[in-house]
Amino acid sequence: QESYLGKVKMIYIDPPYNGGKDRFVYNDTFDMGEEQYAEESGLLDENGDRQFHANNTSNPRFHSSWCNMIYPVLMLSRGLLSADGVIFISIDESEVSNLRKIADEVFGSANYAGEIIWKNSSKNDEDYISIQHEYILCYVKDKSVNLGSWIEPKEGVEEIFAAFERFHAQYGDDWERIHKAALEWYKQFPESNPIYASKHYSWMDSRGVYFPDNISGPNFGQYRYDVIHPVTGKICKEPTSGWRYPESTMKNRIAQGLVHFGKDETTVPNNKTYLMNTINQSLTSIKYKDGRVASKQLTALMGKNCFSNPKDVSLLALLMKAIGIGENDIVLDFFSGSGTTAEAVMSVSSEQNIKAHYILVQWPENLDENLKRAVGSAIQVTKNAIAICDELQRPHLLTEIGKERIRRAAKKIAA
């Protein structure tokens, strides 16, 4: 770790969520001697060795065991982050409150950058409240260095542009008919679809897609004058607080076609705000990405469903681009699992024509042992992973699945 102290731009970790079936390495030294507690609790195997602990809800130290696992990881992470470094931590409701407290202590509450809600599920069969989301907590190493100018493209923008191109091809310069077609098109999208958030962009002119924005003045009564409707020739209704611009500026904007007029003078004119000028936004706190998509993509890549609940490549890539991953930057993942972080780094590097680097850390879990403990759908998933290892003539280890995923993803990205 000495070689990378202060050199890692981004750390992403997806630790065990402590759902009652997790097994992880942790130090459980409390007032009772560590070995004494291990012996009395039956945590030693027949050889007296202790590596993985099954942390189920019957464990009297259920939450403290998890906290003792995550604390040294976060401490190590802080030392590895560069001055402008960022850490993202995935977690669910089981430990999010404890994680926040620990991370506040390690990174300082002042360096808390916010949390992202990832709506990744539509399940509705749980008792009490069906949880349909996970959390991604974010901290920076030092807010005085990283000022948080993080931006992302608005999702769904390309689909909107494509739709308006179809409308324009069909209706020509009949902007009213294009507007009506756009309103109908937007109706198909639920609030969970990112296109829904841009449905106010329902007009088009020769410049492109826009929405009629507020043109009233910020200071009451500062600019008052008559604006003539271009069709009726009558004075338009004026905003209550007056116009936003001086009269000369308004006349210039009208001449340039930058003011949206209603059918007649009874409607207050509006500014035209174009989608092409607002395609970026600050990194937002809610992400809608179906968790099944990542599983399907990994299955397609590997030929079999060999990993449960992999993270979404596009979501990690979005975070990397938002914080400005650049040339020779390093991204580290302490719980790399199937290797999603590596694929995301390679994807961003290819897209932005840079050479970013990744470091993945993963305990070499024995798949045969995992199969003995597997239940439900995890049984077949683990069998598939073992089958892939056999096809590759490699040991039955989780890390072999991760390495093969990286190889295949690299070939796909380079193709």
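The report below takes up these topics in turn.

This is a predicted model, in which local features need pLDDT of at least 70 and side-chain atom pairs count only at pLDDT 80 or more, while totals for chains, interfaces and linings use all residues. Residues are numbered from 1 along each chain as its sequence is written, and side-chain values use heavy atoms, with hydrogens and water left out.

A search of the whole structure finds zero disulfides, a disulfide being a pair of cysteine sulfur atoms within 2.5 Å.

| Residue | Relative accessible area | State |
|---|---|---|
| Cys67 | 18% | buried |
| Cys236 | 5% | buried |

A nonpolar core is a set of buried Ala, Val, Leu, Ile, Met, Phe, Trp, Tyr and Cys residues joined through side-chain atoms within 4.5 Å. In the largest such core, which has 28 residues, Ile11 and Leu74 touch the most other members. Two or more residues of this core come from each of strand S1 (8-13), helix H2 (62-80), strand S4 (81-91), helix H3 (96-107), strand S6 (133-140) and strand S14 (330-333), and H2 gives the most, with seven residues. Helices (H or I, at least four residues) and strands (E, at least two) are DSSP runs, numbered from the N terminus. Not counting residues up to four places away in sequence, Ile11 touches Ser77, Leu80, Leu81, Val86, Ile87, Phe88, Leu332 and Phe334, contact meaning heavy atoms within 4.5 Å. Apart from this core lies another, of 26 residues, among them Met10, Tyr12, Ile116 and Met320.

Helix H9 (residues 340-352) has 13 residues, which at 1.5 Å a residue should span 18 Å, and its end C-alpha atoms are 18 Å apart, which agrees; the expected span is 1.5 Å times one less than the number of residues. Among the buried residues of H9 are Thr340, Glu343, Val345 and Ser349, and what covers the buried residues of H9 includes S1, helix H7 (291-302), helix H8 (313-323), S14, strand S15 (357-360) and helix H12 (398-414). H9 is followed by Asn353, whose phi is positive, near 55°.

H9 also supplies at least two residues of the lining of the second largest pocket, as do helix H4 (157-171), H7, H8 and H12, and H7 gives the most to that lining, with five residues.

Notes
Buried < 20%, exposed > 50% of the residue type's maximum accessible area, 1.4 Å probe, protein only.
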